Amino acid sequence: MQPLPAPIRDFIIGHHVLSLATCGDDGPWAASCFYAFDEPGAALLILSSSDTRHGRHMLDRPQVAGTISGQPEALRDIRGLQFTAHATPLDQIERSVALQLYCERHPLARLHASQIWRLAFDQLKFTDNRRLFGHKTRWARRDDGSVTA
């Protein structure tokens with residue numbers, strides 16, 4: 001698989017919280033989640049119970065959307081990532097590897113047993129006003145598993 005463009009990869013590595021949007025029969029929902037980056041899989045890993053509202057939504061409708069952003073005060077410093085992804089609860093074999101990666105990033109997670117999810121990116125749009133006002137970098141995974149940048 002083609003790697004993510006460096007500006008997107010570096011931005012994801014430089015942050016640790018995402019805003020996740022889901023939708024279910026009871027309507028849309030948003031949640032903030034800590035994440036770890038699965039760079040080879042072009043995915044994020046989050047911990048969340050399948051009993052939460054967003055967890056139930058992801059089980060029923062795995063297509064999700066989200067953002068990662070900072071809180072800059074100046075317009076010229078705005079940088080942020082918007083994404084769509086496919087959410088998958090990991091089975092026992094995948095879970096141990098993913099949990100190790102997650103706990104390297106968030107050591108306190110070892111104290112809380114929870115479901116771990118992979119959010120495999122479908123599309124990314126990174127806005128970076130530091131580079132040029134309104135500058136966008138895009139990435140997409142194709143149906144055949146390949147990507148376009």
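Colleague: Leaving aside neighbours within four places in sequence, which residues is His 15 in contact with?

Modeller: Bear in mind that this is a predicted model. With those sequence neighbours left out, His 15 contacts Tyr 35, Ile 68, Ser 69, Gly 70 and Arg 105.

Colleague: Where is His 15 found, and is His 15 buried or exposed?

Modeller: His 15 sits in the loop between H1 and E1. It counts as buried because its relative accessibility is 18%, and the cut-off for buried is under 20%.

Colleague: On to the core. Which residues touch the most other members of the largest nonpolar core?

Modeller: That core has 26 residues, and those touching the most other members are Ile 12, Leu 18, Leu 44, Leu 119 and Phe 121.

Colleague: Which elements give two or more residues to this core?

Modeller: Helix H1 (6–13) does, along with strands E1 (17–24), E2 (27–34), E4 (43–47), E5, E6 and E7. The most comes from E7, which gives five residues.

Colleague: How far is Ala 42 from Leu 132?

Modeller: They are 25 Å apart in space, C-alpha to C-alpha, and 90 residues apart in sequence. Leu 132 is in the loop between strand E7 (116–128) and strand E8 (136–141). Leu 132 counts as exposed, at 55% relative accessibility.

Colleague: Which residues make the nonpolar surface patch of about 310 Å²?

Modeller: Leu 75, Ile 78 and Phe 133 make that patch. Leu 75 lies in the loop between strand E5 (63–69) and strand E6 (79–89), and at 52% relative accessibility Leu 75 counts as exposed.

Colleague: And Gly 66, buried or exposed?

Modeller: Gly 66 is in strand E5 and counts as buried, at 9% relative accessibility. Leaving aside neighbours within four places in sequence, Gly 66 is in contact with Ser 19, Leu 20, Ala 21, Leu 81, Gln 82 and Phe 83.

Colleague: What separates Gly 66 from Leu 124?

Modeller: In sequence, 58 residues; in space, 9.7 Å from C-alpha to C-alpha.

Colleague: Last topic, cysteines. How many disulfides are there?

Modeller: The count is zero. For Cys 23, the nearest cysteine sulfur is that of Cys 33, 16 Å away. That pair is no disulfide because the two sulfur atoms would have to be within 2.5 Å. Cys 103 is in no disulfide either; its nearest cysteine sulfur is that of Cys 33, 15 Å away.

Colleague: What about the accessibility of Cys 23 and Cys 103?

Modeller: Cys 23 is partly exposed, with a relative accessible area of 36%, whereas Cys 103 is buried, with 3%.

Terms used: Residues are numbered from 1 along each chain as its sequence is written. This is a predicted model: local features need pLDDT of at least 70, side-chain atom pairs count only at pLDDT 80 or more; totals for chains, interfaces and linings use all residues. Side-chain values use heavy atoms; hydrogens and water are left out. Helices (H or I, at least four residues) and strands (E, at least two) are DSSP runs, numbered from the N terminus. Buried means under 20% relative accessible area, exposed over 50%, partly exposed in between (1.4 Å probe, protein chains only). Patches are made of residues with over 30% relative accessible area and no salt bridge: like charges are joined within 9 Å, nonpolar side chains (Val, Leu, Ile, Met, Phe, Trp, Tyr) within 5 Å. Accessible areas come from the Shrake-Rupley method with a 1.4 Å probe; for residues, only the protein chains shown count as cover. A salt bridge is a side-chain nitrogen of Lys or Arg within 4 Å of a carboxyl oxygen of Asp or Glu. Contact means heavy atoms within 4.5 Å. A nonpolar core is a set of buried Ala, Val, Leu, Ile, Met, Phe, Trp, Tyr and Cys residues joined through side-chain atoms within 4.5 Å.
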